[in-house]
Amino acid sequence: MKRILTFIAVLPLIFTSCKEECLPPENAKPKVKVVFHTTVNGAEVASGVSFDRPGGESFQVDLMKYYVSHFALVDGTGDSLMINDHHLIDPINQKKSFSKEVEVKSGCEHVRFLLGVDELHNHSGNQEGDLDPVNGMIWTWSTGYIFFKHEGTFTDATGASLPLLYHYGQDRALVEVDLPIDLDIEEGKSYEIHIDLNLAILYQGIAFTDNNVHQSAGTADNPWIDALKQNFRGAFQIVEVKESLIQ
Amino acid sequence: MLMGIVLLFSCRHESEEVDFHTTPYSLSIPHGFVPFSVPSNNPMTQEGVALGRKLFYDPILSGNNTQSCASCHLVQYSFSDTTVGSIGIDGFAGPRNAMPLVNLGWQRNFFWDGGAADMESQVLGPVENPIEMHEQWPNAIAELNADAAYQELFYQAFGEREITVPMVIRAIAQFERTLISGNAKYDQYLKGETSLTPQELWGLEVFTDPMKGDCNHCHSLGSTFSDFEFRNTGLDSIAVDAGRYLITLNENDRGKFKTPSLRNIELTGPYMHDGRFATLLQCIEHYNTEFHYAPNLDVNLLTAQKGRMTMEEMQAVESFLKTLTDWEFIQNPAFADPNP
């Protein structure tokens, strides 16, 4: 008797779990995964690796982190599929992607996202997940997130090695990125969108010499913020879109 | 058999969730004060407040485990200290005087320059500041997580044993919101429970007289005696500490500081953002004759006559300011160090 009762009690459990796990794959919700590759002309950054730049200079990355927010796939009518809220990309520690189950959507023509944290979320440390202050991406003297952080060294044309410390942020620094894509999101399929952030383009025309420490703390930083902001728009590129059937 | 295990698991899980329940903490808002709101992701609970109080007094949050919040915010001085202060936030500001912590729930932003945009975010500053507690958050969190007693307290307050930064700053913010003062002699006078002396009443009159003190223009009477605005009071002709400018980077904000609360002001000297004045009379004298015509000098002072108050009137204002001292507040057992 007891056995039968237990069985009856468990029965609904089996059914509910079946609803989620035993669906025929062709009806499964599509899934989109976004992967960010942080590179110098295609070579992924890694700790201790030196990258050349024009003028006989080179630089290294000890730490690099940045926020990607409100990533969306947008169709021709402006309708969008949101893929994330806020994610911290940390290539050195292999934290490079995020993914989400979405509804079907055909005719996606753009990928849009923010490099940084939108104004609504930028001024409180009372937040969880990737916005948790433990990530070291928030200023404590003036509440606001560091959108992009690069700490490392650079070697100038004379061979002298100097620190490189870029903490890029403030509301004015928020970058809206818009990239063209041609994609239909269909039932039963999963997608991977690979995006490259090319530091060679990001740092194009940015002198490191006498310009190697910026904290976005004063008006003196504004020309540097504006130049990077301009470069960020062109520094992201979709390098690959993969499509597969959900098994 | 397998099913039995599944059942057992789900059972244990449930009973654990049943264990977790918090007791709401109702703030005692003094008579005549408008209640303040708390963020929806940090409701006030008995467990949260008790934990925040323990953390406030515990040096575990500092780099070498020697300093707690209470090292600079001492209850007997309305949670401020008696040193002039040589502290700046991350080296961006000049020397700053520790601020009293009283009726913070009514404030809009924190620090002399308003750099912290909410109470929870404010807690992030002192812990990491190299001149304050000089700790890195990941270290502080690791230390807390290594302490089973703290894990239990955090579980009771937030339902999670794995301690995170948002949990720490929320607990301390909850404790800070309880630091309410509303039973000074002046409050008792408003409630009709006591009367002010003729000298104190005269001081109140000078304090509010637009041709004399005009103090309430900025230090508005009420819960906080502040309008929460940023003002340049002409302490220097050229501001040493750029104040609000450091946050907004707007030239018009150079040399502006948050109008501070005047509650318990008798206990919180030295005064001003850099602790330059030792006495209240020096502060009043500053507004009467000493202020400088700095760029951005507040228009209320720009148009004020120098020397408009007599010495007797200034002394009366001083007497009035002392009616804002809430002796019950500094002796409140709920604010004392809970750690043995």
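Predicted model: local features only at pLDDT ≥ 70, side-chain atom pairs only at ≥ 80, totals over all residues.
1. Helix H1 (residues 2-21) of chain A gives the largest share of the side of chain A that touches chain B, with 4 residues. By type, the residues on that side of chain A divide into 13 polar, 8 nonpolar and 2 charged.

2. Salt bridge. The rule finds 1 salt bridge across the interface of chain A and chain B. A:Glu128 pairs with B:Arg170 in a salt bridge. Their closest N and O atoms are 2.8 Å apart.

3. Extent of the interface. Interface size is often quoted as the accessible area lost when the parts come together. Here chain A and chain B bury about 2,100 Å² between them. Carbon and sulfur atoms carry 62% of that area. Chain A brings 23 residues to the contact, and chain B brings 28 residues. A:Asn126, A:Thr140 and A:Trp141 supply 36% of the area that chain A buries against chain B.

4. Helix H10 of chain B. This helix spans residues 280-290. Its buried residues are B:Leu280, B:Cys283, B:Ile284, B:His286 and B:Asn288. They pack against helix H12 (311-321) of chain B.

5. A buried serine in a loop. B:Ser80 lies in the loop between helix H2 (46-56) and helix H3 (119-128) of chain B. Why does B:Ser80 count as buried? Because its relative accessibility is 0%, and the cut-off for buried is under 20%. Leaving out residues up to four places away in sequence, B:Ser80 touches B:Cys72, B:His73, B:Leu74, B:Ala98, B:Met99, B:Pro100 and B:Thr268.

Note on methods: Residues numbered from 1 in each chain as written. Chains lettered and ligands numbered in written order. Heavy atoms only, no water. Buried < 20%, exposed > 50% of the residue type's maximum accessible area, 1.4 Å probe, protein only. Helix = DSSP H or I, 4+ residues; strand = E, 2+ residues; numbered from the N terminus. Contact = heavy atoms within 4.5 Å. Buried area = accessible area lost by both parts, 1.4 Å probe. Salt bridge = Lys/Arg side-chain N within 4 Å of Asp/Glu carboxyl O. Nonpolar A, V, L, I, M, F, W, Y, C, P; charged D, E, K, R; others polar.
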